[in-house]
Amino acid sequence: MASRHESQVFSSLPKTSRWWSKETVAIVTGGNKGIGFALVKRMAELGLTVILTARDNARGMEALESLKQLGLHLYYHHLDVSDISSIQLFTSWFTNNFTALDILVNNAAVSFKDIEENSVEHAETVICTNFYGPKRLIQQLYPTFRSSSTVTRILNISSRLGLLSKLRNEELKSMLLDEENLSEKQIDGLVKLFLQHVKNGTWKSNGWPELWTDYAVSKLALNAYSKVLARKYKGKGISVNCYCPGFTQTSMTGGKGKYTPQDAAEIGVNLALLPPQHLPTGMFYLGSNPPNTYSKL
């Protein structure tokens, strides 16, 4: 992804930069807890029309009610991004109830291990949820993107564990570095190769990331796919960026971490709401303190 830093990204947004209104529609996946919940809350506080989605219907409704009790107005719909039929049902509901989509935050993700563990027992589920979930949702929602002068924004919540520096397979790394020729087919091939290595028990010896391997590969693929999309839609009213919130206190980290979900959401929302004239595409942002660093994928 592009490596030029936009200095305005993490500064507080002045009132004069407010381009959005209550007509601006945002979808946040995995919005019932953690960073997703904090993203939904912050966007609703800023006056956007926000759709909270969750895989667990009961928890999603509970999250909705807790925000409504704060006086916030938003919508809820069930969405399991690992299930294509759920994605299709959600897309149908959305198109029947809303004119267009302005912001999509792909936050929903899973991992099935403690911080110090590295098992690939659930690799297929992790890949299906963390990579194919966002990919299929983007594909299904694409016809609803507003693609106006304010630019439709896709923000994929990712991880530095999926950066190219973590990949030790030089052949695959070279393929991913060839940004001008990188294709969705190649990324799908990479994911299938990893799952094949998991199946035959050779994943440890084939140069895959060493930490949280299945999760890291899912984010590696998501980062690469974001790169392809950014190139594909550049200049066409669609911006695609990735954001790693850093070590954040969520259920995935067992409540451990340097940052709170609110810290992560504040940066994420600032990224999603950048003024059109300052909105980049094809960037990978790292949350930090101060949160102004980035990395080339």
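Which residues of the largest nonpolar core touch the most other members? They are Leu141, Leu176, Leu190 and Phe194, in a core of 46 residues. A nonpolar core is here a set of buried Ala, Val, Leu, Ile, Met, Phe, Trp, Tyr and Cys residues joined through side-chain atoms within 4.5 Å. Buried means under 20% relative accessible area, exposed over 50%, and partly exposed in between, with a 1.4 Å probe and protein chains only. The model is predicted: local features need pLDDT of at least 70, side-chain atom pairs count only at pLDDT 80 or more, and totals for chains, interfaces and linings use all residues. Residues are numbered from 1 along each chain as its sequence is written, and side-chain values use heavy atoms, with hydrogens and water left out.

H7 gives the most, with 9 residues. A second, separate core has 35 residues. Ala26, Ala38, Leu39 and Val40 are among them.

The chain as a whole has 8 helices and 8 strands. Both are DSSP runs numbered from the N terminus: helices are H or I with at least four residues, strands are E with at least two. Buried residues make up 55% of the 297 residues in the chain. The chain exposes about 13,400 Å², and carbon and sulfur atoms supply 48% of that area. Accessible areas come from the Shrake-Rupley method with a 1.4 Å probe; for residues, only the protein chains shown count as cover. A contact means heavy atoms within 4.5 Å. Among contacts in the chain with a separation of 6 or more, 75% are between residues 24 or more positions apart.

H6 and H7 form a helix pair whose axes come within 10 Å and cross at roughly 175°. Axes are lines fitted to C-alpha atoms, for helices over the stretch in contact, and angles run from 0 to 180 degrees between N-to-C directions. H6 is therefore roughly antiparallel to H7. Angles over 145 degrees count as roughly antiparallel, under 35 as roughly parallel, 65 to 115 as roughly perpendicular and the rest as oblique. From H6, the contact is made by Glu184, Ile187, Leu190, Val191 and Phe194. From H7, Thr213, Asp214, Val217, Leu220, Ala221, Ala224, Tyr225, Val228 and Lys232 take part. By class, this contact has 10 nonpolar, 1 polar and 3 charged residues. Ala, Val, Leu, Ile, Met, Phe, Trp, Tyr, Cys and Pro count as nonpolar, Asp, Glu, Lys and Arg as charged, and the others, Gly among them, as polar.

Leu190 touches Leu172, Met175, Leu176, Trp208, Val217 and Leu220, not counting residues up to four places away in sequence. Phe194 lies in helix H6 and counts as buried, at 0% relative accessibility. Leaving aside neighbours within four places in sequence, Phe194 is in contact with Val120, Ala123, Ile127, Trp203, Trp208, Thr213, Asp214 and Val217. Phe194 and Thr213 are 19 residues apart in sequence, and their C-alpha atoms are 9.8 Å apart.

Helix H4 holds Val126 and Gln139. Val126 is buried, with a relative accessible area of 0%. Its contacts beyond four places in sequence are Val110, Phe112, Phe131, Asp214, Tyr215 and Ser218. Val126 and Ser82 are 44 residues apart in sequence and 8.9 Å apart, C-alpha to C-alpha. Gln139 is partly exposed, at 41% relative accessibility. Gln139 touches Glu184 and Tyr225, not counting residues up to four places away in sequence.

The loops supply three further sites. Ser111 is in the loop between strand S4 (103-106) and H4. Ser111 is buried, with a relative accessible area of 18%. Ser147 is found between H4 and strand S5 (152-157). Ser147 has a positive phi, near 50°, in a residue other than glycine, and is partly exposed at 31% relative accessibility. Trp212 is found in the loop between H6 and H7. Trp212 is not a glycine, although its phi is positive, at about 45°. Trp212 counts as buried, at 9% relative accessibility.
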